[in-house]
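Please consult the sequence and structure shown here while reading.

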Amino acid sequence: MRHSFAASAHALPRHEATVELSVNQDNVIVRVNAAWDSFAHHNDGAALTNDAVLGLNLLDSISGKVSKHFTLTMLELARRGEREVVFDYRCDSPRVRRFMRAHLRSDSTGAVHYAHEHLYSETFPHLVTFKTATQRGRDTLMRCSICNHVRSDGLWRTPDREHGDTLTEVIYGVCPSCEQMLKEC
Ligand SMILES: [Zn+2]
């Protein structure tokens, strides 16, 4: 899929279909829609396409303790309230910064229905490729799984040329501003 972004760097990717996913009361994935496949590709989850995710626990598919906690908190919020829970996040691929909005709502069975709405995209001026580190080393960078910013020299910012061209190993977490957003949900 990745080599299909060979278009001009100035051409913005087209609007993408809303990805839907439902989990039951035990957070087991019970439904994904047809748009799931391309979403999974962009999320490093090429192995988890379509039917392969059904029956898996959503939390098992999320990398990093803090990101798991974030997801769990969002699920609890959705189940607790009557209203829809909405938060914005990024879902970048090596060429494209993708700005997304998640909507979560629960029903009377305790199931939670996710809709991942694509807001817009921008192309990166250079290739930015991340890989989840198998072990945390001294130089392993932290990448926020919500806004996709990377912590570098103590600052959280959008991935820059220094993260481009070569494969950068990262571990996933949640940055302070996304943690704040979570508290305000
Ligand atoms: Zn963040």
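The structure is a predicted model. With 5 C-beta neighbours inside 10 Å, Asp-153 therefore counts as exposed.

**Overall make-up**

- The protein chain contains three helices and ten strands.
- Read from the N terminus, the order of these elements is β-β-α-α-β-β-β-β-β-β-β-β-α.
- Of the 185 residues in the protein chain, 25% are buried.
- Among contacts in the protein chain with a separation of 6 or more, 61% are between residues 24 or more positions apart.

**Backbone angles: background**

- Most residues other than glycine have a negative phi.

**Asp-153**

- Asp-153 is not a glycine, yet its phi is positive, at about 50 degrees.
- This residue lies in the loop between strand 8 (150-152) and strand 9 (155-157).

**Asn-27**

- The phi of Asn-27 is near 65 degrees, a positive value in a residue other than glycine.
- Asn-27 is located in the loop that links strand 1 (19-23) and strand 2 (29-32).
- Asn-27 counts as partly exposed because it has 18 C-beta neighbours inside 10 Å, a number that falls between the cut-offs of 12 or fewer for exposed and 20 or more for buried.

Definitions and conventions: Residues numbered from 1 in each chain as written. Predicted model: local features only at pLDDT ≥ 70, side-chain atom pairs only at ≥ 80, totals over all residues. Helix = DSSP H or I, 4+ residues; strand = E, 2+ residues; numbered from the N terminus. Contact = placed C-beta atoms within 7 Å.
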